[in-house]
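Let's walk through this model together, starting with a term that will keep coming back.

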Amino acid sequence: MQLIVHPIDQSTLKSALIKREIISSLGDVYACIADVSIGCDSTALIKACEGYARVVVRCGDPIRVNEHADDAARLLANWSQSGWTKFDEDIAFLDQMMQEHGQELLVRPSSEGMLSDAICTVSWARRAQTLGCKLFLDPMGWIVGSMFNDVEDHLDRIAELCSQCDNIGAILIRSVRTDESGKLVEVSLGEGEIDPNVIVDRLQGLIRSSEAVVVLDSSDLALLRL
């Protein structure tokens with residue numbers, strides 16, 4: 001199944017939490033993308049995404065500590081055992097609520113969230129097999145600027161690790177571009193700073209094995225070579 005991310009018409013916007021949908025080439029809605037993370041106000045999210053079969057949420061923003069704390073303190077706060085316990089509890093609660101409303105939760109990993117790389121994502125997926133949620137895999141979401149010089153090796157490693165994961169619901173194939181502030185932003189394959197052929201070649205195994213492949217622009221579908 002090949003799908004495209006599409007902005008919602010602002011005149012029909014039901015909630016500020018939902019601004020994008022994932023649709024098929026025929027216009028059928030596959031899921032909505034919520035501008036929230038695990039640990040959000042689940043009641044508000046359920047209300048905002050009423051009518052959608054699937055809902056994509058971020059994997060949880062890093063826990064904020066005192067701005068004067070050093071990097072070691074931040075890492076301890078984010079990825080300590082207590083941090084993982086809270087994350088697991090939050091995701092289990094939201095997953096249960098989604099199931100009770102007949103919806104499927106899709107969790108999107110990223111370098112800025114709890115599921116900050118392929119290793120911890122696959123490890124989490126193994127212990128979360130009893131949940132109903134699935135991963136909305138975004139390999140380029142793990143790529144940061146320092147990885148550009150050897151991005152092929154990083155994508156090879158990501159593909160190898162994620163091939164061992166059984167609960168991938170969909171995979172987003174996109175690129176990145178550096179904005180004026182120096183921050184990496186998500187863009188379509190054709191608009192990114194990385195050769196789209198490199199991304200597609202390295203992730204081809206995941207692309208072909210995924211139930212649903214998502215792009216940011218319809219022109220990218222031809223680049224997938226499916």
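## Terms and ground rules

Buried means under 20% relative accessible area, exposed means over 50%, and partly exposed is anything in between, worked out with a 1.4 Å probe on protein chains only. By that scale R127, at 41% relative accessibility, is partly exposed.

This is a predicted model, in which local features need pLDDT of at least 70 and side-chain atom pairs count only at pLDDT 80 or more, while totals for chains, interfaces and linings use all residues. Residues are numbered from 1 along each chain as its sequence is written, and side-chain values use heavy atoms, leaving out hydrogens and water.

## The nonpolar cores

A nonpolar core here is a set of buried Ala, Val, Leu, Ile, Met, Phe, Trp, Tyr and Cys residues joined through side-chain atoms within 4.5 Å. The largest one has 61 residues, and those with the most contacts inside it are L45, L105, W124, L155, I173 and L224.

What does L45 touch, once neighbours within four places in sequence are set aside? Counting contact as heavy atoms within 4.5 Å, the partners of L45 are L17, A34, V36, C40, V55, V57, L94 and M98. There is also a second, separate core of 14 residues, with A31, V56, L172 and A212 among them.

## Salt bridges across the chain

Side chains of opposite charge can pair when their charged atoms come close. The rule used here asks for a side-chain nitrogen of Lys or Arg within 4 Å of a carboxyl oxygen of Asp or Glu, and the count comes to 13 salt bridges. One of them joins R20 to E186, with the closest N and O atoms 3.0 Å apart. This pair links distant parts of the chain: R20 sits in strand β2 (residues 18–24) and E186 in strand β9 (residues 184–187), 166 residues apart. Helices (H or I, at least four residues) and strands (E, at least two) are DSSP runs, numbered from the N terminus. R20 is partly exposed at 26%, and E186 is partly exposed at 29%. Both R20 and E186 belong to a salt-bridge network that also links R108, D138 and R174.

Two further bridges connect helices. R127 and D88 meet at 3.2 Å, N to O; R127 lies in helix α4 (residues 118–127) and D88 in helix α3 (residues 81–100), so the pair ties together parts that are 39 residues apart in sequence. D88 is partly exposed at 24%. D156 and R202 meet at 3.1 Å, N to O; because D156 is in helix α5 (residues 151–162) and R202 in helix α6 (residues 196–202), this pair ties together parts that are 46 residues apart in sequence. D156 is partly exposed at 33%, as is R202 at 27%.

## A look at helix α4

Which residues of α4 are buried? They are A118, C120, T121, V122, W124 and A125, and they pack against α3, β6 (134–137) and α5. At the start of α4, a side-chain oxygen of D117 comes to within 3.2 Å of the backbone nitrogen of I119.

## Q103 in its loop

Is Q103 buried or exposed? Q103, found in the loop between α3 and β5 (104–108), is buried, with a relative accessible area of 8%. A polar atom of the Q103 side chain lies 3.0 Å from the backbone oxygen of Y52. Not counting residues up to four places away in sequence, Q103 touches I46, C49, E50, G51, Y52, A53, V55 and M98.

How values were computed
A polar contact is a pair of N or O atoms within 3.5 Å; within protein, one must be able to donate a hydrogen and the other to accept it, and residues adjacent in sequence count only if both atoms are side-chain atoms.
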